[in-house]
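Hi,

Here is the structure I promised to pass on. Have a look at it first, and then read on for what turned up.

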Amino acid sequence: MLYWIYLIRNLTRNIRRTLLTSAAVALPIVIFVLSTSVISALNSYLDNAAKQMRLIVTHKTSFINPLPSGYRYKIEALDPERKELTAVCGMHWLGGKVENDPRLLSTLAVDKDNLEACYPDYHFTQEEMDAWHRDRQAAILGPETAKQFGWKLGDRITITPSLPPYTPMEFHVISTAEHASDPVTSWIRLDYYFDALKEHGFHGDEWIGFFVIKCNSIAGLDHYRRAIDELFANYPDPTKTRDEKSFVNEFIAQQFNLPRNLAILASLTVFVAIMAAMNTMSMNIRDRINEVATMKSLGFSSRSVFVQILIESMMLCVSGGFVGALIPYGLFHWTPLGSMTIPVIQALDIPLLVCMKAVLIAVGIGILSALWPAWLGAKLNVVTALRYLE
Amino acid sequence: MALPLFYSWRNLLVRRLSTSLTLLLITVIVVVLAVLLSFAAGIRQTLKNSGHRDRVIVLKPGSTAESTSVLFPEETNLLVQTPGIRFDPSGQPLISIELCIQTSLPRLGYQDSFANVAVRGVDPVAFAIRPEIQIVEGRLFDSGALEVIVGEAASKRFGNLKIDGEISLGRLGNRLYKVVGIFRANNSSFESEIWAPRSMITTAYSGHYTSSATIQCIDESQAQTAINYIKGPSVKLQAQKETDYYQELARTTRQLVVLSVILIAIMGLGAVFAMANTMYAAVDHRRREFAMLRTLGFSRIAIQLTIFIESLLTCLVSCIIGLLIGSAFIAMNIEQDFISDVSFSSLTYQLRMTPTIMISCLILACGVGIAGALAPAVRASRIPILEALRKA
């Protein structure tokens, strides 16, 4: 007990220094928590993408090149009994804008019949699916998009696609996909879009952007990834098939290589915290050099001095780490900041696990930053130190 | 009278460990700031170099970029009558009708990673409008041949784009085009592109549409006249100055800058605390010294100043070291590419160390230095002389 009182007294004897150091450790930890949360959000998005066992079929030359719509039936014919290949859904990117608003939308026109089969993880209700099949102008909005534009269930909205026919099209909001893993993308019906194209003199219903294929086993996924590309290898429009995770990853890798660079940033912040804590600990030991000498002359072993300094540093850093983890956790869970949208990933969630990891890292910072001062204290020559007693 | 600079310098050297730890800490933050900002600066500079105030870019109303725009011949034909247009010596109007498509090419240095590289089908007039295009290796393509020229940045960044390399283009992807030349374009986004004869690209994509038209106007004021005409009832297309178009594409970088500033502000605040800690310790160790200096006649201001100078010296040295390390990092990782969420094509850019970045780093370092020394300096100047000396 006495031991712990001594430790706490040591930390509180220069309360200003302790507070400043805790803050200097806490703030880098805030960044550590934020960047690690972004990485974990990206990873969980990718993991979910991998779990869904979906394939994306695009044109081999570039994903922006269209594929013949008829490919859908050829792909379906690969597994006529739907044993492993559950559903094929054609999709076409439209982008889109709302009049007098600079914000860009991410809208996909999709085959109406297989959407639900391809995206069981979106948990559409029967009502939503009934409305989707009944209404040609149905739109399923990404929840984040709906929030940003203030659109609600039942609204009539007008979107101008960024592709032909470039004319305003009206849609009826039938769902705001609450379980969507991609909170931004909205879906409309391909048949309605093709009709709009024809109406404005564009012919284009024979071409489609890409296909999403739902498989029900990993073996099936691997098999069809190869089989589809082999099927179309000698066609005028060869395909490139990859799973959803690789497809999304291709984009992320080209967005400043975010996961890798954030990991570098996170480790740099840890380094900064170590520097700050090490500075304090070395100052603490220098200030108390006589005390350490006295303790050793009273019979405390070098090891116990070493451990004592280490524990002091750990307590100092953990208090900083705890505050540093609590700030982002609190901000994103209990304030409007939680609903803020940020680039690339939309809404940021600060997982408790990341916060706990940050506190553990703070323990590590405490140990690392105290190693040198603690070693100095442990190997201190008692006689020399006492000679300079003030 | 102020204390000599030498005094501050020597004091820093006395506390070697503490000074170097603080120095290292601030250096890291300066490096992070410099590198983060260099991304945005690189993209912005590249896009800025692409636009000229006296050129007007024409797209389909509703489209967001060249890659999503579709113009038909009957629409582009109307542009010939645009007022304010410049003519070449032979009397031809300087309008470049272009077709922008994309092709997937491997990114060099990454495994299984592909970039969507822009391919621009152009007529000879494109080179008259864009004199910045300079062939630096090989030659220009022949108008009727399956040949392309490649931007220098793209050729360094993506596979198969060296001279004599072959790439497959076209909707069918079954035509091989030979790379016959490498061009430079004043570090603009055109250097991320592949340029090919428009006739060959049009047939390869079996379409009769184009993507955009670029008009060379007589001067900047005429550009506005041209824009008004094109937007008006006789043409009804979307027109804007090239500079505005590329500025809009650079919008993503604004978010990047805001994010960097927030991150650095948080880290900077941490550094202020660390600095304050160091300076407090320095002051506490020299209570007697300061009391002595006061007795000798140095003013409170002189004492405060010497604390500020110590702190600023540390920060300035950190700033210089940080900028050197940052520049070295930037020089090693200079070629970057990123996919635009507007045009879906890959933009190759170079990380850039600009004067603005240097000044930002300097402001950060000085800010940390001053803010960190503020409270300790006040404390130092308020040391009760008698009490401090009595303990001597």
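On the surface of chain A there is a nonpolar patch formed by A:Phe322, A:Val323, A:Leu326, A:Ile327 and A:Leu331, and together they have about 410 Å² of accessible area. Bear in mind that this is a predicted model. A:Leu331 counts as partly exposed because its relative accessibility is 37%, and the class runs between 20% and 50%.

Next, the backbone. Most residues other than glycine have a negative phi, and most peptide bonds are trans. A few spots here go the other way.

One is a cis peptide bond between A:Pro164 and A:Pro165, with omega at about 5°. You'll find A:Pro165 in the loop of chain A that runs between strand S6 (156–159) and strand S7 (169–175).

Then there's A:Asn100, which is not a glycine but has a positive phi, near 60°. A:Asn100 sits in the loop between strand S3 (85–93) and strand S4 (107–110) of chain A. Is A:Asn100 buried or exposed? With 77% relative accessibility, A:Asn100 counts as exposed, since the cut-off for that is over 50%.

Chain B has a case too: B:Lys236, again a residue other than glycine, has a positive phi near 60°. Look for B:Lys236 in the loop of chain B between helix H7 (220–231) and strand S10 (238–241). B:Lys236 is exposed as well, because its relative accessible area is 59%.

Cheers

Terms used. Residues are numbered from 1 along each chain as its sequence is written. Chains are lettered from A and ligands numbered from 1 in the order in which they are written. This is a predicted model: local features need pLDDT of at least 70, side-chain atom pairs count only at pLDDT 80 or more; totals for chains, interfaces and linings use all residues. Side-chain values use heavy atoms; hydrogens and water are left out. Patches are made of residues with over 30% relative accessible area and no salt bridge: like charges are joined within 9 Å, nonpolar side chains (Val, Leu, Ile, Met, Phe, Trp, Tyr) within 5 Å. Accessible areas come from the Shrake-Rupley method with a 1.4 Å probe; for residues, only the protein chains shown count as cover. A salt bridge is a side-chain nitrogen of Lys or Arg within 4 Å of a carboxyl oxygen of Asp or Glu. Buried means under 20% relative accessible area, exposed over 50%, partly exposed in between (1.4 Å probe, protein chains only). Helices (H or I, at least four residues) and strands (E, at least two) are DSSP runs, numbered from the N terminus.
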